[in-house]
Structure formats: structure tokens, C-alpha cells
Amino acid sequence: MSMSTMSIQTENKICTSCNEKFVIDEGDLLLYEKVGLKVPSKCFNCRTKQYFIFSIFGKFRKGVSDLSGESLITVLPNKLRFPIYKSHEWWGDEWNPMDYGQEYDSSRPFFDQLKELQEKVPRPHQIGQNNTNCDWCDDVWNCKNSYLSRSMDLCENLNYGYRCIKVKDSFDIVYSFNLQSSYSCLECHDSFNLYFSQNSRDCIDSYFLFDCRNCQQCFMSWNLRNKQYCIRNKQYSKEEYEKELKKIKMDSHKNLDILKTEFGNILKEEAIHRENQNLRCTASVGNYMTNCDKCINVFSWEFSQNCRNCLRGLRSKDCIDMSFSWNLELSGNNGVVDGGYALKHSACSIAKYSEYVDMCKDVEYCFGCVGLKKNKYCILNKQYSKEEYEKLKTQIISDMKGREEYGEFFPYSFGTGPYNLSNGIIYFPETKKEEVLRKGGYWSEEDLSQIDGISTNDLPDSILDTGPEISTQALICPETNYRFNISEAEYVFHKHKGFALPRLHFDKRILDKMKKVAIIKNFPYRCFYCHKDTNAYYPPEWGYQKIACEECYKQNIA
């Protein structure tokens, strides 16, 4: 009898990795059956952690191609287990991934054989396609003239960006879509000339906004709707607003720090925070979802239907247990996949009806392959007929089940870099070196600090007291001791806007912002308005005092 024709019970389990209790509910069980996955033995956090072994947030560095010797820029670490080619070389015809094909050996664990293959097959130095002048970027798609940015699509002249779509002429932008000429924004959308703001939309010529909609010429304000000329939520005339704004000196680093502290206190003491940041979602549970239906335990996800236990992705349907993945249907147990149908236990691939594929593009009916492009009926990069493929695949799955391998995601030893230089650290900052090494993963001990430069603490307080030559000066971040520079374009932008120069390394600035949207656990609160119990995605240590349930938020703010 199939699971769909009998009574389904919620399963209470103990995670085989962390020993914590967790629940597999009826909806999970139905979707596991639909996708064709076994019920996991690890909890959601431990499963998700493992998917991040393929998601690098490394330090940009220079290197050379193992094929041509050409120089390249990558976030992959110095010591690699596999060859690295420039992206255009990887996509080119100068090498053939089928040349690395190997016979399956039934006497050995399949994962051991697949890892041997993985370490032979080249990987591209950078993820992404269709970019112009984006050498100092990674995971970028259809972008132009961008610098030191990651995870973005359709962006132009974006510097120090992370997870952005359609952002132009901007700096220090994180998790934002459709911004132009903006600076230091987090989770902001459809805005122009927006600065130092968070969770705001459809705003113009404004500073330090939180949860504002359709506002223009506003400063240090929160929870506003359709307002103009407001300062600290107080209405001004146009003349009064402009007069008051001239008094605010953001060219001074000291003054700007005072403003940032005030803004942080407003978030704690004055702003109303809705229980989640979902927009246009129905029958869904999670946070930072947009246009989703029937998505449960899903975070930072857009335009999807019937997905469960997913983090960071979009445009998917009937998917479960995935991270950093998009454009998928009827798929699961994947990390960092770019699209496909009926794709399982895979990474960095676009594939259909395939399992355990890594860095494969546009393949079908492949099992345990690495680096293939437009292939079909392959196992361990070796070609088979359809009949041979099905027979051998059945044998391998049987062998894997006997060794308790089948249905598990790639082990930590398959990771493309050190875990402490992956996006996993953003979402699981408590992860320890001992844990990763115990599971067979990698951890960087490299000292990335520098002393060849001047501390940014020694820069002039005001940008007005600096000149363009500052772009030639090596700077040292006082918190990370990383060395960085103020680029010429960055200096021109800050000088034009009248903003003090940044003191922290750009990676530190990005990671600090991401902490606000990386919470995948809710906490108990009482609604500020109705005093009923509710759950919200704000750790108590943030100190937010005014949390509103969805209904009260809509009645009083939206």
C-alpha cells in the first residue's frame, strides 16, 4: 500500500548528527514520497548545514588557470582538491569531461569512487554567465561593470553587493531588488536614492528608513506609508525639511556612527516589527518569502509553490530539502543547483531525472557524474546505453542502500572549500571547527590579516578632508585586520553623496547586514497590540520591544 492511500502519521525522530529531537509532519511525508526521497534521519538544521558545503563565501584572490595558465580571480581557496579553469575555458571545447570516466567498482563505497572523480574533473573559477567586466565577482548572472559582489542577477555598476537583482549604480547593497543610486541598504526594493535603510519599498531620496512604503524625502523614520518630508516620524513642510536636513552632517564618520546608533535604538524601542517579512504569500510558514503558496519552513524564497524545508531560492514547485537552489520542480535533497526536474541528491547542476550529479549542466538521466554538459545516460562520467544505464544504476542503488549511502546528500568531504569560508557560516555561525572536521569537512586556518597599510581609524573624520589619492592607500579594517582599498568609483560616489568613507572591510559590512535576514528559527512573543501569543523571527538578544502579529500589523501599519 502506498503512503498516499493509507493514514499518515507524524514521525518524531532524533537527529543522528546532533541528537536533537525533530518532527517529520504529514506534509513532509507526502512530499518525500512524491519526490522519491527517503525520510531523513537528520534534523532540518543539520541537513541544511550540509548543503552549504558547495556554497563558497571566500575571500577574493588572484590565481591561474590549470589549463592555460591565464590569470583569474576567484573566491575558491588557495589549496584545491580539483583543477580550476577559467569559466570560458570550462565551457569551451579544449577538454572533455568524459575523458575522466571510470568503471563502477561494486566492492567499494560509491561515495569514495565519486569523490575520486570529483577531484580529477576541473571546475570553473567563477559561477555565472553572460557578464561584462565582472571579474571581481562570483555567482553573478547577466551583469555589467560590477565589483566585489556575489549572488546577483541583472545588475549594473554594483559594488559590494550580495543577493541582489536589478540593482544599478549602488554600493553596499544586501538582499535587495530593483534599486538605483542607493547605499547601505538591506532588504529594500523598488527604490531610488535610498540610503542606510532596511525593509523598505518604493521610496525615493530618503535616509535611515525602516519598514516604510512609498515615501519620499524622509529621514530617520519607521513604519510610514505614503509620506513625504518626515524626520523621525514628524511631518515637516518642504522648506522645513530641507533646512533640517542641511544640519545633518553625514560626511563625518563620527556623526554617521551616532546616526547609526540612533537608528538601531529605534529598531529596538520604537519600530513595529511584523511577525514575519513575507509578502503576497498564502498558506505558508517561514520568513522573507515573496509570492509563495503552500511553502512550509521556507526562508528567503520567491515565486514558488508547495515547497518545504528550503532556504535561499526561487521559482520552484513541489520541492523539499534544498538550499541556494532555483528553477526546480519535483526535486529535493539538493544544494546550490541551478534548475531541473526530478533532480535529487545533487549540487551545482542543471539536470533532469538525475541523482548525485555535481557541476553538471543540462544533463538527463545521469547518476554520479561531475562536470558533464548536455550528456545523457552516464554513470561516473562513462557513457552507457539506456538499458545498460538503468541496469547499472539499479545495482549501484542496491549497493549504496546496503552501505547506508543511498538517499544521503554528499558527505562533507565533497565540499568545494573550507566550511568557515562558506555561506553556511552566515546561517549557522555557531558551527565549530571540530564538528566540521569530525564529519570529514574542511576548515581554513589561513591567517588573512594584513599589516601593510594604515588603520581606517587613522583616516580623517570627514570625507571633505580627503582627496582622490585615498584610493591608492592600502587600508586595514580594525575589526578583521583584512586589507582593502577605497576604489575610485567608491570615492566619487561617497564624495558626491556626502557620506563618510567606510571603516570596515566590505566582507564584514556584508556579513553584518546578512545577520538580520539569516534567522531560520522563530521565537515566542506577545503581540504589541492584541497581547496574544505569536511567533516571530527576532532573537530576544536583538531587543525588539514591539512585535505585531500578522493581523494587527495589517490593521495598524500596512
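**View 1. Strands β21 and β22 run side by side.** Strand β21 (residues 361-370) pairs in the parallel sense with strand β22 (residues 376-379), over 3 bridges. Here a strand is a DSSP E run of at least two residues, a helix is an H or I run of at least four, and both are numbered from the N terminus; two strands count as paired if DSSP finds at least two bridges between them. Look for C366, whose bridge partner in β22 is C378. This is a predicted model, where local features need pLDDT of at least 70 and side-chain atom pairs count only at pLDDT 80 or more, while totals for chains, interfaces and linings use all residues. Residues are numbered from 1 along each chain as its sequence is written, and side-chain values use heavy atoms, with hydrogens and water left out.

**View 2. The open sheet has 7 strands.** Pairing is mixed, and the order goes β17-β18-β19-β20-β21-β22-β23. β17 (285-293) and β23 (382-383) sit at the edges with a single partner strand each, so one side of each has no neighbour in the sheet. Helix α1 (residues 26-35) packs on the sheet and touches β18 (296-335) and β19 (339-344). The direction of α1 makes about 40 degrees with that of β18 (axes are lines fitted to C-alpha atoms, for helices over the stretch in contact, and angles run from 0 to 180 degrees between N-to-C directions).

**View 3. S422 sits in a loop.** That loop lies between α7 (386-402) and α8 (424-427). S422 counts as buried because its relative accessibility is 4% (buried is under 20% relative accessible area, exposed over 50%, partly exposed in between, with a 1.4 Å probe and protein chains only). The S422 side chain reaches the backbone oxygen of Y419 at 2.8 Å and the backbone nitrogen of G424 at 3.0 Å. Leaving aside neighbours within four places in sequence, S422 is in contact (heavy atoms within 4.5 Å) with F52, S55, I56 and F57.

**View 4. K49, E430, E435 and K439 join up in a salt-bridge network.** A salt bridge puts a side-chain nitrogen of Lys or Arg within 4 Å of a carboxyl oxygen of Asp or Glu. E435 forms one with K49, with the closest N and O atoms 3.1 Å apart. E435 belongs to helix α9 (residues 433-438) and K49 to helix α2 (residues 44-51), so this pair ties together parts 386 residues apart in sequence. E435 also meets K439 in a salt bridge (3.0 Å, N to O). E435 is buried at 15% relative accessible area, whereas K439 is partly exposed at 24%.

Definitions and conventions:
Polar contact = N/O pair within 3.5 Å; in protein donor to acceptor, adjacent residues only side chain to side chain.
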